[in-house]
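This report describes selected local features of one protein chain. The sequence and the model are shown first.

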Amino acid sequence: MATPTAPSASGHPNPLGDELRAGRTAKPCVLVIFGATGDLTKRKLVPSLMGLAKDGLLPPGFAVVGFARRPWTDQGFRTELASGVKQFGRSETTACFEALADAFTFHQADFADPAGYESLKQKLDQLDKARGTGGNRIFYLATPPSSYSSILQNLAATGLSKEQPGRFARVIVEKPFGRDIETARALNDQVRAAFKERQVFRIDHYLGKETVQNILALRFANGIFEPLWNEKFIDHVQITVAESIGVGSRGGYFEESGIIRDMIQNHLMQVLTLVAMEPPASLTADAVRDEKVKVLKAIRSFRPEEVDSATVRAQYTRGSFGGENVNGYRDEEGVPKDSVTETYAALRLQVDNWRWARTPFYLRSGKRLPRRVTEVAIQFKQPPLSLFEGGKPMQPNVLLLRIQPDEGVALRFGAKVPGPDVRIRDVRMDFRYGTAFAGETADAYERLLLDSILGDGTLFARGDEVEEAWRIVDSIVAGWKQSPRRPEEYVAGTWGPDRALELLGDGRSWRKP
Ligand SMILES: NC(=O)c1ccc[n+]([C@@H]2O[C@H](COP(=O)([O-])OP(=O)(O)OC[C@H]3O[C@@H](n4cnc5c(N)ncnc54)[C@H](OP(=O)(O)O)[C@@H]3O)[C@@H](O)[C@H]2O)c1
């Protein structure tokens, strides 16, 4: 494998961390994947590693050890991974896997069995000799959260989590990171009993998306937006993460989390912090994360009696989707008929600082909405006086950050319709990633895996950040529990319940992307 160059050499725009990365090379290391026979490993992790290999970004001697219970051989493991790369990898990565298959070995053990970690340690020592990985290890917890505790304890007990001079040990923790502030704190305590914070990489794959990183580039690499980026000029911000799918066979899992835990606590809160944060002193991990935490700290917890007026929760009912009839949430497999778990939530959040004092942030996320789309809409205030069309109010200007699909940025503004009359119509300036930059966009996991190998934590959530996001979400969940209101309903395939409009007030409306 080639020595990595700066990621921009792959043709991907790379707004964050270039400074940090310049002059740094990824050191040879072993990635140990706990849960290596699972879905995430096959669908995301190994195809993403092969994307990095294709772009020459993996360090020489890089190796992967898969840890799980099934009695697989090295060869069986490789065959399974090869089919995952073929099915889910970027183009031309199948050949990369064939060339690198020897780098993948399987380690059969139970997470709870200390002997499995002693034998892992021996295996890693052998790999250091055979592949020159120099004692550098990354442990990826691609397992159900219930397994984290025994893995962390065993890594600490065997000394595998310890950093040695010139050797790194890191841990990557998957979402969900807790299910409320108590469990997140307890998990942070467990993680920190084995690893120091700088060794910990908490995944929120939204942060690995180019378009999410581009929020910082748009704001801080340009002079024209930042002077307007405050409550004097911005009327409000809408952040939407919509899914067209229902809960499918994951009804049992979803019933325990709801959309607020599954999407809002992590992805929407992360996007919110990037939109609302102050310019960081530098692009180092802590400088960026310090500013993100300040945003969350400026959002106060809701009192239970405030929750019904600042939030809306709802469940989808039977409807028609693409010409097919689809189940309502309470008819889905694994969902009780009297469920009150929300499949849609909309919130009005106030960031109580000087920049945002009078600008509300509206967040919404739901399943079975008409389209799969993630976007941030920055809606500007009207001009102080309307001179056109008899003083009729104009459509507000909107800066639209399209996170996915159709990635790009658009600005909506009024223009004169050609002709003798003075009539104004909305037009758009549009930047599209697909048109402006050639080449396939890397999957978010590629970027995050590379950054963990480089030791750059900028795009990972810090412990305090996760806890602050839970604090806000917990106060909403507590209000819902106490409220006599049941969740609203919306027909599958529509943009959510009518009551969501009441959240906006002042003649505002939700965008229909
Ligand atoms: N799948 C995704 O797309 C996705 C996306 C985002 C986040 N995540 C998160 O990623 C994590 C893993 O998800 P997944 O879908 O890959 O789960 P999964 O398919 O259920 O895989 C679980 C893995 O853990 C192993 N395992 C469980 N208990 C074990 C034990 N006692 N000893 C040894 N191995 C054990 C299983 O191995 P054996 O079966 O061989 O025992 C299997 O390899 C979860 O936290 C999930 O929330 C997943």
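The sections below cover the basis of the values, a sheet, its covering helices, and several individual residues.

## Basis

The model is predicted: local features need pLDDT of at least 70, side-chain atom pairs count only at pLDDT 80 or more, and totals for chains, interfaces and linings use all residues. Residues are numbered from 1 along each chain as its sequence is written, and side-chain values use heavy atoms, with hydrogens and water left out.

Helices (H or I, at least four residues) and strands (E, at least two) are DSSP runs, numbered from the N terminus. Buried means under 20% relative accessible area, exposed over 50%, and partly exposed in between, with a 1.4 Å probe and protein chains only.

## The nine-stranded sheet

An open sheet of mixed pairing is formed by nine strands, in the order β16-β15-β14-β13-β7-β12-β11-β8-β17. Two strands pair if DSSP finds at least two bridges between them. The edges are β16 (424–432) and β17 (488–491); each has a single partner strand, so one side of each lacks a neighbour in the sheet. Direction ignored, neighbouring strands of this sheet are turned by 20° against each other on average. Axes here are lines fitted to C-alpha atoms, for helices over the stretch in contact, and angles run from 0 to 180 degrees between N-to-C directions.

Six bridges link β13 (residues 373–380) to β14 (residues 398–404) in the antiparallel sense. In this pair, Ile378 has Leu399 of β14 as its bridge partner. β8 is antiparallel to β11, with four bridges between them, and Thr311 is bridged to Leu347 in β11. β8 also pairs with β17, in the parallel sense and over four bridges; there Ala314 stands opposite Glu488 of β17. β8 is largely enclosed by the rest of the structure, because six of its seven residues are buried.

## Helices across the sheet

Helix α14 (residues 463–482) lies across β8 (311–317) and β11 (344–350), at about 70° to β8. Contact means heavy atoms within 4.5 Å. The 20 residues of α14 reach 29 Å from the first C-alpha to the last, close to the 28 Å expected at 1.5 Å a residue; the expected span is 1.5 Å times one less than the number of residues. α14 is mostly covered, with 15 of its 20 residues buried.

Helix α8 (residues 210–220) lies across β14, β15 (408–416) and β16, running at about 145° to β14.

## Helix α4

In helix α4 (residues 93–100), the buried residues are Thr93, Cys96, Phe97 and Leu100. They lie on the same side of α4 because they cover an arc of only 100° around the axis, the arc being that of the directions from the helix axis to the C-beta atoms. Glu98 and Ala99, on the other side of α4, are exposed. The cover over the buried residues of α4 includes α2 (39–54), α3 (74–88) and β3 (104–108).

## Two buried residues

Leu160 belongs to the loop between α6 (148–157) and β5 (169–173). Its relative accessible area is 5%, so Leu160 is buried. Beyond four places in sequence, residues touched by Leu160 include Tyr117, Leu120, Phe139 and Leu155.

Arg499 is part of helix α15 (residues 499–504) and counts as buried at 13% relative accessibility. The side chain of Arg499 reaches the backbone oxygen of Thr311 at 3.2 Å. Outside four places in sequence, the contacts of Arg499 include Asp308, Val312, Arg485 and Glu488.

## Backbone exceptions

Most residues other than glycine have a negative phi, and most peptide bonds are trans. The peptide bond from Lys175 to Pro176 is cis, with omega near 5°; Pro176 sits in the loop between β5 and α7 (181–194). The bond from Gln404 to Pro405 is also cis, with omega near -15°, and Pro405 is in the loop between β14 and β15.

Two residues other than glycine have positive phi: Glu92 near 70° and Glu389 near 50°. Glu92, in the loop between α3 and α4, is exposed at 62% relative accessibility. Glu389, in the loop between β13 and β14, is partly exposed at 27%.

Key:
A polar contact is a pair of N or O atoms within 3.5 Å; within protein, one must be able to donate a hydrogen and the other to accept it, and residues adjacent in sequence count only if both atoms are side-chain atoms.
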